Amino acid sequence: MPSFQKILEKIVSYQPQVDKELLLKAFKYASKAYSGQYTADGDSYIDHCLEVTDILLPLKPDQNTIIASLLHIISETPDYNVNDLEAHFSKDVVQLVSSLSLMNKLKSAEQKSEIESLRKMFLVMAQDLRVVLIKLADRLRN
């Protein structure tokens with residue numbers, strides 16, 4: 001299980017100018033939001049998100065992609081508020097998280113046709129490829 005400190009060290013090794021305080025803020029924000037929540041396999045949400053982030057690191061993602069990977073399941077938390085998220089982070093991060101949330105909803109919407117779901121998924125992917133990278137890392141981790 002990667003720790004936030006180990007992940008931060010890896011990030012600094014390829015991106016020395018990264019805003020470490022902002023990454024720590026994202027980690028603390030996620031930890032608070034995910035408190036007491038667990039995945040289907042029993043891992044805490046924060047551990048899951050750290051693993052997803054660690055999977056992404058060989059691709060040398062930018063700061064906002066890292067933040068979004070830490071927050072990629074925040075829309076599943078009971079107190080999720082998009083306005084609060086935007087107040088703490090950039091619009092870019094909010095857009096990534098929102099797109100990931102939309103992708104999660106597409107997978108669970110069984111009443112929609114498969115073609116319509118694929119169309120929407122491609123629209124999300126076309127807006128920002130980083131969404132796809134986070135989602136693939138999430139799937140790999142699962």
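Which residue forms a salt bridge with Asp43, and how far apart are the closest N and O atoms? The partner is Arg141, and the closest N and O atoms are 2.1 Å apart. A salt bridge here is a side-chain nitrogen of Lys or Arg within 4 Å of a carboxyl oxygen of Asp or Glu.

A quick word on ground rules. This is a predicted model, where local features need pLDDT of at least 70 and side-chain atom pairs count only at pLDDT 80 or more, while totals for chains, interfaces and linings use all residues. Residues are numbered from 1 along each chain as its sequence is written, and side-chain values use heavy atoms, with hydrogens and water left out.

**Salt bridges**

- The structure holds seven salt bridges.
- Asp43 sits in the loop between H2 and H3 and Arg141 in helix H8, so their pairing ties together parts 98 residues apart in sequence. (Helices are DSSP runs of H or I, at least four residues, numbered from the N terminus.)
- Arg141 is buried at 12% relative accessible area, whereas Asp43 is partly exposed at 23%. (Buried means under 20% relative accessible area, exposed over 50%, and partly exposed in between, using a 1.4 Å probe and protein chains only.)
- Arg141 also meets Glu51 in a salt bridge, at 2.9 Å from N to O. Glu51 lies in helix H3, so this pair with Arg141 of helix H8 joins parts 90 residues apart.
- Asp41, Asp43, Glu51 and Arg141 are linked in a network of salt bridges.
- Asp54 is in helix H3, so the pair ties together parts 44 residues apart in sequence.
- Lys10 counts as partly exposed at 39% relative accessibility, and Asp54 is also partly exposed, at 21%.

**Core**

- The largest nonpolar core has 38 residues, and Ile11, Leu23, Tyr34, Leu71, Leu85 and Phe89 have the most contacts inside it. (Such a core is a set of buried Ala, Val, Leu, Ile, Met, Phe, Trp, Tyr and Cys residues joined through side-chain atoms within 4.5 Å.)
- H1, H2, H3, H4, H6 and H8 each supply at least two residues of this core.
- Val93, found in helix H6, is buried at 1% relative accessibility.
- Eight of the eight residues of H4 are buried, so this helix is largely enclosed by the rest of the structure.

**Aromatic rings**

- Three aromatic pairs turn up in the structure. (Rings of Phe, Tyr and Trp, the last by its six-membered ring, pair if their centres lie within 6.5 Å; planes under 30 degrees apart are stacked, over 60 edge-to-face and the rest tilted.)
- Tyr29 and Phe89 have ring centres 5.4 Å apart and planes at 90°, so they are edge-to-face.
- Tyr29 is in helix H2 and Phe89 in the loop between H5 and H6, 60 residues apart.
- Tyr34 and Tyr45 are another edge-to-face pair, 5.6 Å centre to centre with 75° between the planes, and both are buried.
- The charged end of Lys25 sits over the ring of Phe89, 5.5 Å from its centre. (That takes NZ of Lys or CZ of Arg within 6 Å of the ring centre and within 35 degrees of the ring normal.)
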